[in-house]
Amino acid sequence: MEKFTKLSGIAAPMPLVNIDTDMIIPKQFLKTIQRSGLGKNLFDEMRYTQDGQEIPDFVLNKPQYRTAQIIVAGDNFGCGSSREHAPWALLDFGIRCVISTSFADIFFNNCFKNGILPIVLPQEDVDKLMDDAQRGANAVITVDLENQTITGPDGGEISFEVDPFRKHCLLNGLDDIGLTLEKAAAIDTFETQAAQSRPWV
């Protein structure tokens with residue numbers, strides 16, 4: 001998993017509330033078990049017409065937001081069915097951070113496991129960042145995980161909370177497999193001792 005330390009990028013404003021996982025990645029794209037290739041179908045039904053043409057008014061289709069790495073969203077982002085494909089699609093598109101007033105629990109947890117930082121802020125702070133994001137490509141936002149700060153294009157700073165263990169995992173690029181591999185030496189020692197003391201097993 002790629003480390004998340006400091007991210008400076010364009011933020012796309014998505015003020016809709018209750019953006020669910022089916023909106024993030026519609027069900028017809030859930031057949032794959034690959035984490036790559038889903039970015040082109042992110043928000044598919046909002047980005048494209050039925051015949052595959054881009055909808056110009058959708059935020060990620062606008063020239064200034066095509067390379068967005070941050071989404072500033074409305075309340076309850078990632079609600080609906082539990083599908084890990086949702087963070088996969090966001091990450092494959094290039095989104096590394098989502099900022100909202102609240103997230104659905106399963107989506108929130110899946111983000112951390114896939115290298116995406118979901119940040120919960122009070123409404124007034126989200127409103128400020130939403131205003132910044134609406135300024136387009138000239139409004140770069142910097143998210144500093146080590147110092148737990150978000151810096152707006154005008155230099156204003158907002159602090160955010162994050163669970164220390166999840167922060168450690170993101171800073172070091174550790175998913176569940178990576179955490180297990182950190183214990184590889186202890187596992188090897190245990191297996192060697194077990195084989196010697198219980199050779200019949």
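## Aromatic cluster and parallel strands

Phenylalanine 77 and phenylalanine 107 are both buried, where buried means under 20% relative accessible area, exposed over 50% and partly exposed in between, with a 1.4 Å probe and protein chains only. The model is predicted: local features need pLDDT of at least 70 and side-chain atom pairs count only at pLDDT 80 or more, while totals for chains, interfaces and linings use all residues. Residues are numbered from 1 along each chain as its sequence is written, and side-chain values use heavy atoms, with hydrogens and water left out.

**Overall**

Eight helices and seven strands make up the secondary structure of the chain; helices (H or I, at least four residues) and strands (E, at least two) are DSSP runs, numbered from the N terminus. Along the principal axes, the C-alpha atoms fill a box of roughly 65 × 45 × 25 Å. The chain has 201 residues, of which 47% count as buried. Contact means heavy atoms within 4.5 Å. Among contacts between residues at least 6 apart in sequence, 65% join residues at least 24 apart.

**Aromatic pairs**

A pair of aromatic rings is described by the distance of the centres and the angle of the planes. Rings of Phe, Tyr and Trp (its six-membered ring) pair if their centres lie within 6.5 Å; planes under 30 degrees apart count as stacked, over 60 as edge-to-face and the rest as tilted. Six aromatic pairs are present in the structure. One of them joins phenylalanine 77 and phenylalanine 107, whose ring centres are 5.4 Å apart and whose planes stand at 65°, so this pair is edge-to-face. Phenylalanine 77 lies in the loop between β2 (70–73) and α3 (85–93), and phenylalanine 107 in helix α4 (residues 105–113), so the pair ties together parts that are 30 residues apart in sequence.

Phenylalanine 108 and phenylalanine 112 form an edge-to-face pair, 5.2 Å centre to centre with 80° between the planes. Both lie in helix α4, four residues apart, about one turn of the helix. Phenylalanine 108 counts as buried at 19% relative accessibility, and phenylalanine 112 counts as buried at 6%. Ring pairs link Phe77, Phe103, Phe107, Phe108 and Phe112 into a cluster.

**Strands and crossovers**

Two strands pair if DSSP finds at least two bridges between them.

| Strand pair | Bridges | Direction |
|---|---|---|
| β1 and β2 | four bridges | parallel |
| β2 and β3 | three bridges | parallel |
| β3 and β4 | four bridges | parallel |

Proline 13 has valine 72 in β2 as its bridge partner, and isoleucine 70 stands opposite cysteine 97 in β3. In β2, Ile70 and Val72 point one way and Ile71 and Ala73 the other, and all are buried. In a regular strand the side chains alternate between the two faces of the sheet.

A crossover is right-handed if, with the strands pointing away from the viewer, the path from the first strand over the helix to the second runs clockwise. β2, α3 and β3 make a right-handed β-α-β unit. Further along, serine 100 has valine 120 in β4 as its bridge partner. The chain passes from β3 through α4 to β4 in a right-handed β-α-β crossover.

**Helix α5**

In helix α5 (residues 123–133), the buried residues are Asp125, Val126, Leu129, Met130, Asp132 and Ala133. These residues cover an arc of only 155° around the axis, which puts them on the same side of α5; the arc is that of the directions from the helix axis to the C-beta atoms. Their cover includes β1 (6–14), β2, β3 (97–100), β5 (140–144), β6 (149–151) and β7 (157–159).
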